[in-house]
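Morning, everyone. Please have a look at it first.

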Amino acid sequence: MVTNAPPKMCTRDVSVWYGEKKAVDAVSIDIPAEFVTAFIGPSGCGKSTFLRVLNRMNDTIPSARVEGCIELDGDDIYASRMDVVQLRARVGMVFQKPNPFPKSIYENVAYGPRIHGLAEGKVELDAIVEQSLRRAGLWDEVKDRLADSGTALSGGQQQRLCIARAIAVQPEVILMDEPCSALDPIATAKIEELIDELRGRYAIVIVTHSMQQAARVSQRTAFFHLGKMVEYGETSQIFTNPREVRTKDYITGRYG
Amino acid sequence: MPEHTVKAFDEDITRLRGLIAEMGGLAEVAIEEAMRALVTGDEDLAEAVVARDKRLDALEAEVDTMAIRIIALRAPMADDLREIIAALKIGGVVERIGDYAKNIAKRVGEIEDRKRFEPLTLIPAMAEVAAEMVHDVLTAFAARDPVLAREVIDKDEKVDAFYDSIFRNLVSYMVENPATISSAAQLLFVARNIERIGDHATNVAEMVHFAALGTLPPDR
């Protein structure tokens with residue numbers, strides 16, 4: 001799985017502080033455009049914090065401070081000229097708990113394209129909504145009730161709606177922070193299948209507590225521990241023959 | 001190695017390793033007793049070897065069940081996964097080694113005029129090396145010792161050299177005295193079986209190496 005394509009995102013010596021506490025310590029990692037990258041590690045290891053750095057989600061936390069270099073297609077995303085709203089359209093996010101807007105299914109998906117001016121008129125917007133819901137594997141289930149509230153859907157459907165919402169603004173990267181931890185196994189399987197279908201079209205980064213999930217959906221895996229990135233490699237290598245003892249102890253259930 | 005957070009996982013793995021060790025012990029004894037029966041012509045002992053092979057078959061089935069259970073229930077990763085896959089394969093190979101010993105024992109009654117065959121001193125010496133390989137490779141598995149596994153692999157040359165020499169020897173008997181052909185052919189099969197045991201021990205050694213380090217040993 002060697003690739004010559006330049007990484008979609010490139011991070012160098014990224015450290016994050018919450019006040020005095022260093023949550024992420026000098027992490028350098030390249031996010032490939034064509035693969036799913038999984039971040040694993042015990043609670044508090046810094047993996048979610050690091051994920052949130054990738055689209056400046058930490059900006060909303062006053063005590064958070066980020067150091068180091070984070071580039072998207074070679075552009076420093078923490079540069080003052082970077083438009084954060086634009087950045088978050090390019091680097092979308094899906095959260096642990098599905099969080100649809102308390103609006104109709106249609107509006108949930110149409111909202112982003114509308115504020116970003118991606119559609120000219122109703123017909124185009126309808127097309128974007130349909131395509132996004134199709135890619136999220138939800139269209140057939142909701143096409144007859146687009147006016148119903150997004151919050152009336154099941155948990156798994158809500159999460160796929162959130163993915164459709166992220167897709168609708170044509171992102172280049174999708175960050176997923178434990179997208180299945182609030183879902184049952186069938187809804188989880190649907191999301192995992194969806195992630196596999198979206199792979200290649202978007203660079204996907206997923207934080208998960210389920211090592212089985214990381215093994216199932218990703219091609220690259222990074223193991224975080226105590227704020228540091230301990231090991232990063234091909235998923236099959238990490239799970240069959242990790243190089244670092246700490247990685248091995250974690251994935252075999254001897255630590256954590 | 002530190003223990004698993006889930007203690008029952010360690011118990012499962014210990015049990016699996018115990019089964020493999022038991023199989024190895026039985027296979028080793030089967031080779032030694034088959035040899036003794038062959039040299040002395042003790043057909044009762046030969047029958048006992050044949051009968052005891054059932055125990056090896058049952059243990060192999062138990063190893064399979066246990067390994068599948070662990071994979072299904074514990075979802076092992078990394079060295080745990082490699083070890084369980086290795087145990088699964090080693091169980092099958094040791095069972096085969098037992099079959100070769102059984103096959104040797106079955107030929108005991110077919111050998112006539114034992115005293116005239118010089119290979120009857122060479123074959124036990126060959127079998128001793130092969131049995132030693134089986135013993136050492138299971139020690140290597142128990143100790144997760146890739147260095148000892150490599151030593152086992154190197155020893156296979158000795159077994160092969162024995163085989164070549166015994167082969168030539170037996171062929172010359174057959175050429176010189178056609179009356180020996182039947183017994184000599186039986187002994188040829190015996191030597192062949194021991195040679196296969198050496199190869200199987202080598203395969204196990206490769207798996208031990210893989211379980212310990214995640215790579216197959218480099219070719220000699």
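In chain A, take the contacts with a separation of 6 or more: 68% of them join residues 24 or more positions apart. Keep in mind that this is a predicted model. Chain A holds ten helices and ten strands. Of its 256 residues, 45% count as buried.

Now the overall dimensions. Along the principal axes, the C-alpha atoms of chain A fill a box of roughly 55 × 45 × 35 Å. What radius of gyration would a compact globule of 256 residues have? Near 18 Å, and chain A has 18 Å, so the two agree.

Let me zoom in on one element, helix 7 of chain A. This helix runs over residues 185-198, which is 14 residues. From first C-alpha to last, helix 7 of chain A reaches 20 Å, close to the 20 Å expected at 1.5 Å a residue.

Which residues of helix 7 of chain A are buried? I191(A), L194(A) and I195(A). They cover an arc of only 100° around the axis, and therefore sit on the same side of helix 7 of chain A. As a reminder, an α-helix has 3.6 residues a turn, so residues three or four places apart point the same way.

Turn to the face away from that buried side. There, helix 7 of chain A carries the exposed residues P185(A), I186(A) and E197(A).

What covers the buried residues of helix 7 of chain A? The cover includes two strands of chain A, strand 3 (36-40) and strand 8 (203-207). It also includes helix 6 (155-168) and helix 8 (211-217) of chain A. Just after helix 7 of chain A comes G200(A), with a positive phi of about 100°.

Next, the contact between the chains. Chain B puts in 14 residues, and chain A puts in twelve. On the side of chain B that touches chain A, helix 3 (residues 78-106) of chain B gives the most, with five residues. By class, that side of chain B has seven nonpolar, three polar and four charged residues.

Last topic, the nonpolar core. The largest one has 143 residues. Those with the most contacts inside this core are I31(B), A130(B), V134(B), V137(B) and V208(B). Helix 6 (residues 181-213) of chain B gives the most to this core, with 15 residues.

Look at V208(B) in particular. Leave out residues up to four places away in sequence, and V208(B) touches A86(B), V137(B), A140(B), F141(B), P146(B) and A149(B).

That's my tour. Comments, please.

Methods
Residues numbered from 1 in each chain as written. Chains lettered and ligands numbered in written order. Predicted model: local features only at pLDDT ≥ 70, side-chain atom pairs only at ≥ 80, totals over all residues. Core = buried A, V, L, I, M, F, W, Y, C linked by C-beta atoms within 7 Å. Buried ≥ 20, exposed ≤ 12 C-beta atoms within 10 Å, placed from the backbone. Helix = DSSP H or I, 4+ residues; strand = E, 2+ residues; numbered from the N terminus. Contact = placed C-beta atoms within 7 Å. Expected span 1.5 Å × (residues − 1). Arc of directions from axis to C-beta. Nonpolar A, V, L, I, M, F, W, Y, C, P; charged D, E, K, R; others polar. Rg over C-alpha atoms; globule rule 2.2 N^0.38 Å.
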